[in-house]
Amino acid sequence: MQIQKTEILVLSSKNSDENDVTCTALSPEFGKINLIFKGLLKSKRRSICIRDPGSVAEIIFYRKESKSFFYISDFVLISTPEKVRNNVELYYYHCFLLELISKITTENTKNSFIYNISKKVLAILETEKDSLMLVLFFVLHVLQHNGIMPDLSQCEVCGSSSASHYNLDFNGKSLICRECTPSYNRDNFSFSSNTVTFMNNSLKTKYSANDFSIISRLEAEKSLFYLVLFLEDYFHIIINSKDFIFKK
Ligand SMILES: [Zn+2]
């Protein structure tokens, strides 16, 4: 039985047996994992906040042969979300991000990119005023990381980069201006040129370096909705908590 160490981002948890807590968490080295904290609920020394979804901790663990659970022998809590508990809108976005992260990651598959960006985005959410833009930024990076984001620099057919609206062709991984979009596809959701510029910048710079004023809130919401529907279809998942953020 080997004692190992890793960092985790807690995705969900529940009490089990009398004093134990089981969690699903993400680790940069092990992907999505299932953890057991034996006796956590009666412990006086250990912080119970580690079970809060969104908490980050460094854990020392071991695995029993033929069992997929990680048994925690000790941990250091690094951070735990606090502001999201006092703000309903932040809380909705927080739930949405955690559900999305959980459903696009697989067990025991290393994915340090998704781990790092998830940790960063959840930390920014604690201080962010416009959570909608942050979630849009995250979804764009998930699409790009999975190799399905079209090249956003110009219309693939005519080369124009000054059209007023564009369609995203995920199958051909291309951007097509409204003029070049076949008439039978013209009723599809189209993105304004400002939104395409915002998306292109988001994929090239860090979050805080973006100019959020170029895209309206309504347009950002519609774009996010469209991209989330695409993600659901691509990963064959349903994100139940999207109903919270698209309720209006
Ligand atoms: Zn074109």
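Author: Domain bounds, as used here, come from an automatic or database domain assignment. On that basis the protein chain is divided into domain 1 (4–79) and domain 2 (130–245), and the C-alpha centres of domain 1 and domain 2 lie 36 Å apart. This is a predicted model, in which local features need pLDDT of at least 70 and side-chain atom pairs count only at pLDDT 80 or more, while totals for chains, interfaces and linings use all residues. Residues are numbered from 1 along each chain as its sequence is written.

A residue is called buried if 20 or more other C-beta atoms lie within 10 Å of its own, exposed if 12 or fewer do, and partly exposed in between, with C-beta atoms placed from the backbone. By this count, 33% of the 248 residues of the protein chain are buried. A nonpolar core is then a set of buried Ala, Val, Leu, Ile, Met, Phe, Trp, Tyr and Cys residues joined through C-beta atoms within 7 Å. The largest such core has 61 residues, of which Ala-25, Leu-97, Val-135 and Val-139 touch the most other members. Helix H3 (residues 131–145) supplies the largest share of this core, 9 residues; helices (H or I, at least four residues) and strands (E, at least two) are DSSP runs, numbered from the N terminus. Because domain 1 (4–79) and domain 2 (130–245) both give residues to this core, it lies between them.

Two residues are in contact if their C-beta atoms, placed from the backbone, lie within 7 Å. Leaving aside neighbours within four places in sequence, Val-139 is in contact with Leu-224, Leu-227, Val-228 and Leu-231.

Turning to the strands, a closed barrel of 5 strands runs E1-E2-E3-E5-E4 with mixed pairing, where two strands pair if DSSP finds at least two bridges between them. Strand E4 (residues 56–63) and strand E5 (residues 69–79) run antiparallel and are joined by 8 bridges, and Val-56 has Ser-79 in E5 as its bridge partner. Helix H1 (residues 88–104) packs on the sheet, touching strand E1 (4–16), strand E2 (20–27) and strand E3 (31–37), and its direction makes about 115 degrees with that of E1; axes are lines fitted to C-alpha atoms, for helices over the stretch in contact, and angles run from 0 to 180 degrees between N-to-C directions.

Finally, Lys-119 is found in helix H2 (residues 112–125) and counts as buried because it has 20 C-beta neighbours inside 10 Å.
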